[in-house]
Amino acid sequence: MARAARATGTWLVVDETLTDIALDVPAPRPFAAAAAGGDSEQIVSVGSLSKSCWGGLRVGWVRAASRVVTELARVRITADLSGSVLDQLVAVALMDRLDVILPKRLAELRRRRDALTSALARHVPEWRWTVPPGGLCLWIDLGRPAASALAARGLRHGVRVEGGARFGVDPGTHEHRLRLPFTLPEDVYEPAAERLAAALDGAPGRFTDPALPDWVA
């Protein structure tokens, strides 16, 4: 792929923000590491600490050929003054300790993934999913195109989830899918699954979301 990109003048932007979150398999090598010689000239890799350390730390990086990095730095000057200095100092300190932080982070995510799948199996056994060997989310198959409606009803039950259509290019794509992250504490998932099951059954919710006005016929 790298050779083809170079031969055709195609740029590859490789999102590697989740490569550290390898829960059951070895972490993959950086994509550009497999490119030979000058084949990596057309590859731009991006990464972030927001997945491997903490979602609130919005610090990432770009790996690319030196001329590309120089051009990106020049363009950024016109876009903003700078990123948060405090966040960048925290990021530097964390990067020096990733070999200590990551094993703990991965163990925590495995427990949370198990807690979510166990809760879903109890309350919505008709749903289907593949337990992911990495990453931060389950990709649920609802068995019918009901994701958007379920996400809206879930708000009434105090659960905010994203329907699969939000992640598709064309309207209606993935409408039978639901994206459920396992990034919250383990005790959250039992009541969350119970509430989703109630929303699925059409039970009235007791929470009011300001984004959802109460319509009166």
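Which side chain meets aspartate 39 in a salt bridge? Select arginine 6: its side chain and that of aspartate 39 form the pair, at 3.7 Å, N to O. A salt bridge here is a side-chain nitrogen of Lys or Arg within 4 Å of a carboxyl oxygen of Asp or Glu.

This is a predicted model, where local features need pLDDT of at least 70, side-chain atom pairs count only at pLDDT 80 or more, and totals for chains, interfaces and linings use all residues. Residues are numbered from 1 along each chain as its sequence is written, and side-chain values use heavy atoms, with hydrogens and water left out.

**Stop 1: stay on the pair.** Arginine 6 sits in helix α1 (residues 2–8), and aspartate 39 in the loop between β1 (12–15) and β2 (43–48), 33 residues apart. Helices (H or I, at least four residues) and strands (E, at least two) are DSSP runs, numbered from the N terminus. Aspartate 39 is buried at 10% relative accessibility; arginine 6 is partly exposed at 45%. Buried means under 20% relative accessible area, exposed over 50%, partly exposed in between (1.4 Å probe, protein chains only).

**Stop 2: helix α3.** Select glutamate 71 and arginine 74, a salt bridge at 2.5 Å, N to O. They are 3 residues apart in α3 (residues 66–79), so about one helical turn separates them.

**Stop 3: arginine 111 and glutamate 186.** Their side chains meet in a salt bridge at 3.4 Å, N to O. Arginine 111 lies in helix α5 (residues 98–123) and glutamate 186 in the loop between β6 (177–181) and α7 (189–200), so the pair ties together parts 75 residues apart in sequence.

**Stop 4: a network.** Select Asp24, Arg113 and Asp114, which salt bridges link in a network. The structure holds 10 salt bridges.
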